[in-house]
Every structure is written in structure tokens, then in C-alpha cells.
Amino acid sequence: MFGVLVPVYSQNPVTLVPDSVKPVTDTVPGSGSRRVAFYAQESYRADTLKPKVSNVTRIEDRVTYSAEDSLNFDLDLRKAYLYGNSHVSYQDIDLTADYIEIDFNINEVYATGLPDSTGKIQGIPHFKQGGETFDSKEIRYNFNTKKGFVKQVITEQEGGYLHSEKTKRLPGGVIDIKNAKYTTCDAPDPHYYVALTKAKVIPGHEIISGPAYLVVADIPLPIALPFGFFPNKQTHASGILIPEYGEEKNRGFFLRNGGYYFAINDYFDVSLRGDLFSNGTWGLRVGSNYRKRYRFNGNFNLRYYKNVKGDLDLGTYSANRDYSFQWSHSQDPKANPTQTFRASVNLSSSSFDRNQSYEAASYLTNTKQSSISFSKRWPASPFNFTASLNHSQNSRTRDINLNLPKMALNMNRIYPLRGKNSTGNKWYENLEFSYNATLDNKIKTIDTLLFTSEVFKNMQSGFKHTMPLSINFKPMKNMNISPRIQYTGMLYTKMIEKYYRYDLDTLNMTYNSTLVEDTIHGFKYAHAITPSVSISLNPKIYGMFIFTSPNSRIEAIRHVMSPTISFSYVPDVTGIMPQYYRTITDTISGRETRYSIFEREMYGTPTLPGKSGVVNFSLNNTLEMKVRSTKDTVNDVKKVKLLESLNFGTNYNIFKDSLRWAPVSFSGRSSIFNNKVHMTFSGSLDPYALNDSGTVINQAAWNVNHQLARLTRFNVSLDFSIKGGKGGGSKSESQTAQRNLGMGSMSGIPPEAGGNVAAQPAMEENDFSYFHVPWDLRIRYNFNYSKPRFESKVTQTLNFSGNVRLTDKWRIGGNSGWDFLKKSLTYTSLNISRDLHCWEMRISWIPIGYHQSYTFLINVKASILKDLKYQKRKSWYDR
């Protein structure tokens, strides 16, 4: 049933009568009042009856109401009674309940639930106004005064929930409550709450309470406050950041993370924090977030610490400083489609992570990179421009490399001989031209000299631009011929000059020669035009071995070889181009030394010292096997990759006077045991022998050591990963835990992962015959061998990590490794977590190594009450 109440400003009472249905009128038992009931879904019209009330309060808008079961009217009392999934709507207010009573005399509505056949209350009132919704036991609301009274209500307040026994709603949305609970737990019976004797809620601003105390698991704790203030704003506001306190063995008592937060505007904020320790150590931090919609967003953090150790009176005092700067900036793609600006900066002193970080991922990282880049492209043009500032550092060696700045202007290749409607079928239409220009400034230093003038003394600067013109021919399939001519120009700020200095040895009355190198500063431009031609041939060769036996599961093995042979030739342009190579002779020994005046510069020399001709050889291999399946009858054949790749490569320089063959490099990868073990390997073979001093000589290794080649480098990596367990099931969590900790399989591996369950004693179906717990394990092994001369060096690393989920709530994980040199475990950590619904518990333990520590933390998940936690930590400073 539904109806509409239209405001009719008359002293005569108004009832709603359907156009096509007559009302059924009877007397309400025990009262003598008439009741009008309608049992059809029709629209209603206003009908004027005999006045019963002298005055009717005006309402401002239409009231729409409906009921699924029945809708009854009492014409004498001017009330409507709605039964069964009833609904009343007035302006932005929506009210639903199983029972709603409307009093037209005072324009008031009352709603509550009704008991079902078992006596349980169903269809409790659900109130919605604008973005605010809540459920309650019963509600009374006046449309004119906009006041309401609610019993046993639960409202959501910006991530929190407010449970109230008695609630009075005032105009404007302000709420007065009594005997309330404030919590972030969404359970009907919250696991914890702050009990409020009385409070006032100002939507969108704050919740202010009188005396309050904390209750956990329905047990009041001896933690009380005379009053409470809970922010309830959607916007941010400035305020004090409360510090955490504690004690460390070496640095003493501390206050950490205290400071002030500045909410400058909707686009930008700043936080100032500080750390203070009783031994004199202190630190400052500045952080900021900024965002402009559809334009850009980012954040930065600057941290500075003074670390104090020892005691001044005992002579053990020492102090050092750490710094860290992080900046992240990204541009919205909608801001400008033709240009972008990005920044990702991570710069710190080498000892910062070791001294200030509590996270394993930070202090286990030895390298850091930074980049600030700008790019610009011009639509309908082949040109684009990029500029960047780059940084990389190694905290172990303390080396820092900088590019300040690096810029490039590129023109994509164009085809100048192609017309507008050309298809490129004519050979000359494939002539292509491009342009590339690069400017770079490189600095290599150590972190202690980073902010000093020493940084710029060894800076390398250079500019290089190239203009290649080339064409490609394909005389036959898999063959390419590419003639090319290129102009190269380089601009440097210095060059070198070498000469022999002769010093008199007064003892022996002889002269000794010393090779001296001088640096001459000043702009120097070098250029060259270099013609070249290259020819390449890259066929594919297929081999197949078919197993004809009907009992063989292997159907065939296929081998694919992809050899590549290429030859590149660069003629000698010494007599045509400027000469940048010098030859000096030691007059004492007669030894000649040939060098380039730009050999120390970043781009080298634009010309070669002579002609060049190199033949390159490479061979790529893949090996696959077709196997008949014993289970799948639809797809009875599957492919198995025996070798995903096996590659060889070398080259031969035909114009070199010695050592013409380059070392043979090889690499490969494969996955075995049903892709559970991934293997990669690579190495290098030198075909030449060594003399007694360890210098490579122009003699084959076979002639000297009876070896085909010397193995100078080899490494292999194995990555093994496996997981198993079913988890879940219909059993209770306690039963699952008993099963998990009890009767696992003999091998510890479930049948899906290859465990041998058949070898175990037979068990009943309800016994736990294998490990059901979801788990995963990963083992990584790396072997490196190096022998460039006579001495070999072997390094090995082994790392393993895994996770076990005992139940849906419990998780255990850890990682460790083995140091083969020290014969001990490397960094080891164990992590345990428990999901407590609205709380979470975490335990982190590092039992060995430099950063031995543990942390126990139990806290509320919601960020609004993030300070409601208990933390116990033993820092690695306390060793």
C-alpha cells in the first residue's frame, strides 16, 4: 500500500481516499473511533471531511509513505498505521521499519520493529538523511521541529561507530547522547569501546564527551579520562603531534615522533617532528604532502640526526651526523599530454639506514637511485627533448655517481625520399635519417665530499651529436645489407697530452723514463664522418626426433637453432678526418705508445685509429619435448621445455694484429620439476693462454695448457619455490589448529606438490593424513666463479623464505640465508601476525646479526584511533 500526503492548508482535516476503491470503515475496538483501511495499490485524492481539530500545523513538503502488509487510518485521531516493510519519505529523510505510526496532528512519525513468530524483533527502524544513516530500536521524529528521539541507535561517524542507549537529535544534525559507546569495531557487540557517560556529536566536526573509560572484551580497564575529544572532520586541521616515549639501553630515555602538523590549505601540508634522547642524540624531520587535482601530486621528507655515543668524561665520546632526503612527484596525465615532469629522489648518508632504520628492507639495501626528469614532445614533429638529474650511491663502498644534468634532443627517423602516398616498395624509399644530441655532466665522489667544492674537480662534461644516414637491402630471405654514413661531433672541456720524462739516476749514472700525462683545460671540439657497411644472415634450423615406440610416453623432441652471422666494416679515414691519435716513443727503450687525446672523456674519440672489420657469431637454441599425458584424454599431448634458451656468442676482428678472437660468452635458462625449479647460468671462455706474469698472450690455450679455452667466469642461479595445503574446510578453527599441528605427512609435502602419501600407514577418512595448512617455501641459491688470471674466486649465497597460515587469522613467516664464507646464518627474521577483527597483533624478531631486536605490537586497525596500542620493543641499540 502507498499514499501521498499533500499539504492542504485548511482547518478541515484531510484524509487520503483512493480514486477507485471505497474505504472500509469500522469502529476501533474499545475506543469508538473509526478506522479506514485500504487494500489496493492506487493513487489517492484529497477529500474534505467534517472538521475534528481546530488547527492543523503546516508542513513544508509532500510526505510519501507505503506499506507492504496494511495501511490503516484513524480518522478521529488523525493517525495512520503502517504495517510490514513500511516506508516514509519527506524531503531528504527516508525512514523504513516494520511498524510506522504517523500523527497528522503534530506531523510526527514513530517507528519500531515487530516480533516475528519466534518473538524476535524484526524490521527495526532504518533512518537516512542526506549522507547519514543509522539503525535503532525505535525512533520518534517531528517533521516541523526536525527533532527526534532515538533508543538504542548505532551511527557511523567517519570511520567510527557510536552506540547509544538514548539519543536526542536536534535541528542541524547535532546529537545529544547518554550511555554511549564509541568504537571502530563494526561488530554488533563491539570487541572494545570507549564508554561515554554522556556526549555531544557535531557532525562533520567533533565528538565531545564527559567522563569516559576504555572497555575491552566487556571488561572495563582502569584507564579513564575526565572528558574526551574525538575529531570527526572530513578536512584536515593543524595540531600537536603527541610523541611516543620509551627507553633504549645505549641512547637512554627518549621522546620520538613529537611535533606539530600544519594544515596550510587544501593542497599543501607540513609536519615538523623531532626525536630526543637522554644521551644527547637528537633528530629533526620535515615532511610534506601536496596535491592539485588534475595537475600533480607528491611528497617529500627531510631528516637530520646527530648521533652521540660514549661518555665525554670517560673519553669514549663520539658523534656523527646522518641525513636523508626523499622526494616523490608525479604529474597527472591530463595536465599536459605533450610534456611530463617526474621526480623520485632517495638520497642519504651511507650510515643513515644502519643507524636510524628499524625496517629490515631499509638497512639491507646497499644501493639507492634518484631521478628528476622532464620530457617534451612536439605533436606532428619527429623531435622530442628529455632532461634529467640522476643519482646513484652504494652505502657499502660510499661511492656516489651523479649526472648534473643529462639532456638529450632526438629526432625520430624520417624517410626523406618517400612521397606522401609512397608505399616504401622502391629500394631508395627506404633511405632513413635521424638526429641525436646528448649533453652530460658526470660526477663520481664519496658521500663525505658530496656537499663540498671537491665534487667538481673530477667532473666530466661532454656534448655529442650524431646524424646517421642509412639504407637497408634484403637481397634474400633472412639476409640484410645496410650501408651507412654517420657524422659525429663531440665537445669536451679538456683533453690529455702524454710524454716521457727522463730523470737521471745519480747512483748508476743512467736515465730512467717515466710516462707523464697532463690535462689541458679548455673547450675542444672533435668530429668525424664515418662510412660503414654491415651484412647479416640469420636463418632458422629445425630438427625433430620422433619416437615410434607405442609404449613411449615421449612422442618427439624438437631442437630449434637460430644462428646469426654478421660482418661490419669501417674503412680507415685517417687521411680525410682530423687526427686525434698521437704516438710517442721512449728513446731509452724504444717502446712506442699510441693514445687518443680524448681517451679519458665520456664519449671517447669520434674516429677509430684505423680500419675495422668484425665478424660476429651467435647461436641461440631451444629444446622442447612432446609428452603423452596419462590423465588428460582430451589434450593427450603436452609440450615440455627442456631448455628455454642456450646461447653462444663471440666475434673475430680481421684487422687486429693479435688476439683477434673475443672470449666466447654463453648463457641459458631452464625450468625443471614441473616449473618448481628455475635455473639460469652464464659464463665466459677465453681461447687464449696466459704467460707467467698473468698477461694474455697471442697463443691458443690448447697449445699451452691443452685446454680448449680458459673458463674465466661462470655463475648459476637456482630458484626453487613450492607451496601446498588446502586450508579452509568445514571444521572449526580449533579442529583445524589441532589438525595443523598434529598428524602431517611423513614428507611434509602434500600430494599436490609431489609428497609420497602412499608410503604412509593407511588412515581412516576422518584422520588427518597430510598437511592441510596453506604454506609456501622459496629457496634461492647463487654460485659465482671468477678466474681472470691464476687465482680463482668463488662466492656462494643461499637464501630461503617461507610462510605458513595456521588458520584464517594466524600467519607465520620468516627468511634467512647461509654465508658460505663465514659458515653462519645471514640476516634472519621471524614474523607472526594475528588478525583480531578490529585489532591486529604483530611480532617481529631478528635473533642474530648486527640488528638483533624484537617488536611486539597490538593495535587498533582504524587510523582514527591509531594511538590506541601497546608496543614492546627491544631495539638493536640495546645490545
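**Decide whether phenylalanine 254 and phenylalanine 277 are buried or exposed.**

*Solution.* Start with the cut-offs: buried is under 20% relative accessible area, exposed is over 50%, and partly exposed falls in between, with a 1.4 Å probe and protein chains only. Under that scheme, phenylalanine 254 and phenylalanine 277 are both buried.

Some housekeeping before we go on. This is a predicted model, where local features need pLDDT of at least 70, side-chain atom pairs count only at pLDDT 80 or more, and totals for chains, interfaces and linings use all residues. Residues are numbered from 1 along each chain as its sequence is written, and side-chain values use heavy atoms, with hydrogens and water left out.

**Find how many aromatic pairs there are, then classify the one made by phenylalanine 254 and phenylalanine 277.**

*Solution.* Here's the rule: rings of Phe, Tyr and Trp (its six-membered ring) pair if their centres lie within 6.5 Å; planes under 30 degrees apart are stacked, over 60 edge-to-face, and the rest tilted. That gives 24 aromatic pairs. For phenylalanine 254 and phenylalanine 277, the centres are 5.7 Å apart and the planes make 50°, which puts the pair in the tilted class. Now place the partners, using DSSP runs numbered from the N terminus (strands are E, at least two residues; helices are H or I, at least four). Phenylalanine 254 is in strand S26 (residues 252-262) and phenylalanine 277 in strand S27 (residues 268-277), so to speak a link between distant parts of the chain, 23 residues apart.

*Solution.* Next, the location: tryptophan 427 lies in the loop between strand S34 (399-414) and strand S35 (432-446), and phenylalanine 473 in the loop between strand S36 (460-470) and strand S37 (479-505), so the pair ties together parts that are 46 residues apart in sequence. Finally, check accessibility. Tryptophan 427 is exposed because its relative accessible area is 54%; phenylalanine 473, at 28%, is partly exposed.

**Work out which residues join glutamate 248 in a salt-bridge network.**

*Solution.* A salt bridge needs a side-chain nitrogen of Lys or Arg within 4 Å of a carboxyl oxygen of Asp or Glu. The count comes to 23 salt bridges. One of them joins glutamate 248 to arginine 251 at 2.8 Å, N to O. Arginine 256 bridges to glutamate 248 as well, with the closest N and O atoms 3.1 Å apart. Then check burial: glutamate 248 is buried at 3%, arginine 251 is buried, and arginine 256 counts as buried because it has 7% relative accessibility.

Now a bridge elsewhere: arginine 558 meets glutamate 624, closest N and O atoms 3.4 Å apart. This pair connects strand S40 (residues 554-570) with strand S43 (residues 612-628), its residues being 66 apart. Arginine 558 is partly exposed at 30%, while glutamate 624 is buried at 18%. Back to the network: shared partners join Glu244, Glu248, Arg251 and Arg256 into one.

**Locate serine 829 and list what it touches.**

*Solution.* Serine 829 is in strand S54 (residues 829-836). It counts as buried because its relative accessibility is 6%. With contact taken as heavy atoms within 4.5 Å, and residues up to four places away in sequence not counted, serine 829 touches Gly813, Gly814, Asn815, Trp845 and Ile846.
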